[in-house]
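The points are grouped by topic.

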Amino acid sequence: MTFKISQVPNKKFYGQRRGRGSMAIARAYSKFGQAVPDDLLTTIEQILEELGLLGNTGSGNSTTDDDQGEVAAVPQMFDSEYLCPVEIGTPPQTLELDFDTGSSDLWVFSSETPANQVMGQQTYDIEQSSTAQRLTGETWAISYGDGSSSNGNVYADTVSVGGVTVEQQAVESASNVSLSFTQRPDTDGLLGLAFGTINTVQPTQQKTFFENAAVDLASPLFTANLRKAEPGNYNFGFIDQTEFTGDITFVPVNSSAGFWQFTSEGYSIGGGNMVSAPHSAIADTGTTLLLLPQAIADAYYSQVQGAVNDVQSGGYVFPCTATLPDYTAMIGGHQAVIPGDFINFAPVDGDTIETATTCFGGIQGSPANFRFAIYGDIFLKAQFVVFHGGNVELGFANKPLP
């Protein structure tokens with residue numbers, strides 16, 4: 001069995017413009033347990049106040065065969081996130097979820113979520129699903145670096161992605177949602193694609209959708225072909241030879257921490273000489289930016305005229321008219337090139353990159369106490385990536401770029 005999930009336009013995104021970069025790096029900090037610096041937090045509060053959002057706080061699986069399926073995501077404003085429709089329950093209720101290879105919970109806004117924590121999200125109505133079954137005694141909770149958390153009850157229900165159905169899939173219903181998610185009306189929840197060892201359900205950890213579906217897939221793998229400013233797709237169970245060029249370079253994954261963790265041996269900037277700088281990293285579709293060791297980020301922006309590390313914005317900014325060099329990551333002998341124009345992420349002082357004078361970079365430094373670099377969508381949009389659960393490895397290949 002194989003299936004394809006294309007990305008679809010996010011109709012609910014209402015266009016947060018200035019400050020998009022600051023929000024993206026703050027979410028990454030929070031996701032991985034890092035406190036958001038005070039200067040950055042002040043900037044974000046100012047942005048949320050301007051948007052009118054600051055005050056809205058709110059207090060044994062089986063699969064059903066299907067020959068082929070297709071679901072849809074077009075990136076949000078400034079490519080900050082990709083969403084895919086997922087059907088939950090009987091009759092099916094469609095929610096737009098963030099496919100996240102950096103987490104392992106399938107959690108959603110639901111009929112158990114307090115009304116003052118729902119700001120336009122589509123919710124999973126548990127009582128309207130004839131196949132929903134409460135998993136008695138099971139709860140879930142995710143804590144974030146800003147001290148907030150999301151948590152709730154767990155149900156077993158039918159979940160369909162791209163026409164492929166898993167029955168009795170654990171669906172985590174939110175009875176409390178972190179403010180950072182309440183303030184994102186575009187996202188109805190997350191579908192985690194990391195390893196089930198970091199699933200937060202207690203006392204019994206639950207398998208991810210991929211782990212449950214993998215037993216019936218032609219190959220126990222999925223691929224991510226995310227794209228810049230146009231629809232991308234995920235393929236499950238097969239590798240589409242038309243989506244990449246050259247060979248796929250496979251590298252081993254260290255799954256001991258529950259992530260798709262690998263080693264990058266070094267980098268080059270603007271086609272220059274390769275610099276040896278081995279570092280651990282994870283491939284994370286749920287993070288927008290490419291967060292590198294600080295020394296590498298410093299080396300990159302030393303080649304960008306006018307670039308400064310601005311603590312209030314949360315990272316490196318530069319004149320929007322600056323020419324950004326390509327960044328090449330060396331991974332197992334593969335040279336993964338991220339074009340410079342992919343790295344101009346968002347405006348700082350205007351509504352669009354074209355009208356702003358200062359822009360925020362898609363490459364940023366990661367805090368010193370981060371366990372690994374985070375290769376998020378800025379990187380993934382430029383590469384074809386294979387997540388091979390059977391062999392526990394990642395594959396990287398170049399692909400045609402716009």
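Two strands are said to pair if DSSP finds at least two bridges between them. With that in mind, in this predicted model Thr 223 stands opposite Val 386 in strand S25.

- Strand S25 covers residues 384-388, and because 5 of its 5 residues are buried, the strand is largely enclosed by the rest of the structure.
- Both faces of S25 are covered, with Phe 384, Val 386 and His 388 buried on one side, and Val 385 and Phe 387 buried on the other.
- S25 pairs in the antiparallel sense with strand S11, which runs over residues 221-225, and this pairing extends over 4 bridges.
- S25 also pairs in the antiparallel sense with strand S26, residues 393-398, over 5 bridges, and here Val 385 stands opposite Phe 396 in S26.
- The hairpin of S25 and S26 has 4 residues between the strands, and in this hairpin Val 392 takes a positive phi near 50°.

**Helix H1**

- Helix H1 consists of 12 residues, 20-31, which at 1.5 Å a residue should span 16 Å, and this agrees with its end C-alpha atoms, which are 16 Å apart.
- Since 11 of the 12 residues of H1 are buried, the helix is largely enclosed by the rest of the structure.
- The buried residues of H1 include Arg 20, Met 23, Ile 25, Arg 27 and Tyr 29.
- After H1 comes Gly 33, whose phi is positive, near 80°.

- The side chain of Gln 169 reaches the backbone oxygen of Lys 207 at 3.2 Å.
- Asn 176 is also found in strand S9, but with a relative accessibility of 21% Asn 176 counts as partly exposed.
- The side chain of Asn 176 makes a polar contact with the side chain of Gln 117, at 3.0 Å.
- Asn 176 and Glu 112 are 64 residues apart along the chain, while their C-alpha atoms are separated by 8.3 Å.

Conventions
Residues are numbered from 1 along each chain as its sequence is written. This is a predicted model: local features need pLDDT of at least 70, side-chain atom pairs count only at pLDDT 80 or more; totals for chains, interfaces and linings use all residues. Side-chain values use heavy atoms; hydrogens and water are left out. Helices (H or I, at least four residues) and strands (E, at least two) are DSSP runs, numbered from the N terminus. The expected span of a helix is 1.5 Å times one less than its number of residues. Buried means under 20% relative accessible area, exposed over 50%, partly exposed in between (1.4 Å probe, protein chains only). A polar contact is a pair of N or O atoms within 3.5 Å; within protein, one must be able to donate a hydrogen and the other to accept it, and residues adjacent in sequence count only if both atoms are side-chain atoms.
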